[in-house]
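My entries follow the display.

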Amino acid sequence: QIKLVESGGGSVQAGGSLRLSCSASGYTATIYYIAWFRQIPGQEREGIASIYTAGGNTAYTDSVKGRFTISQDNAKNTVYLQMDSMRPEDTAMYYCAASDRRRFLGREWRVPRNYRDWGQGTQVTVSS
């Protein structure tokens, strides 16, 4: 079983930056992908960035491409989401999730049901 714990959320003004962390513990050898999702109340959870933990390959949704960066520190079993040039529309609850699937095709990495383990979430608020 995998336990994921997010941290680093908070409030920031538009144009500012935040860095989220996702620390994994447990049987982490079964994790092939870790992704960041975000969710606004009343809306579906949206996959915004993913990283293939074995090779470091990354993917982003268009709305965050060029502004957010996902990275990992394997020694610490931690994945980060550096968020720059933040906008009010980035306001959401942010979750990290882990998948034991060995490969995603196309946009499969963005689909919540493809992830087995989830963190509790961390709130991010961007004010204008």
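**Salt bridges, notebook entries**

I looked up Asp100 and found that it forms a salt bridge with Arg116, with 3.1 Å between the closest N and O atoms. I noted that this pair links distant parts of the chain, 16 residues apart, although Asp100 and Arg116 both lie in the loop between β9 (92–99) and β10 (117–118). I keep in mind that the model is a predicted one.

I then checked accessibility for this pair: Asp100 has a relative accessibility of 36% and counts as partly exposed, and Arg116 is likewise partly exposed, at 43%.

Is Asp117 buried or exposed? I recorded Asp117 as buried, because its relative accessibility is 10% and the cut-off for buried is under 20%.

I next looked at Arg101, whose side chain meets that of Glu108 in a salt bridge at 2.8 Å, N to O. For Arg101 I wrote down a relative accessible area of 29%, hence partly exposed, and for Glu108 an area of 25%, which also makes it partly exposed.

Finally I asked how many salt bridges the rule gives. The count comes to eight, taking a side-chain nitrogen of Lys or Arg within 4 Å of a carboxyl oxygen of Asp or Glu.

Terms used:
Residues are numbered from 1 along each chain as its sequence is written. This is a predicted model: local features need pLDDT of at least 70, side-chain atom pairs count only at pLDDT 80 or more; totals for chains, interfaces and linings use all residues. Side-chain values use heavy atoms; hydrogens and water are left out. Helices (H or I, at least four residues) and strands (E, at least two) are DSSP runs, numbered from the N terminus. Buried means under 20% relative accessible area, exposed over 50%, partly exposed in between (1.4 Å probe, protein chains only).
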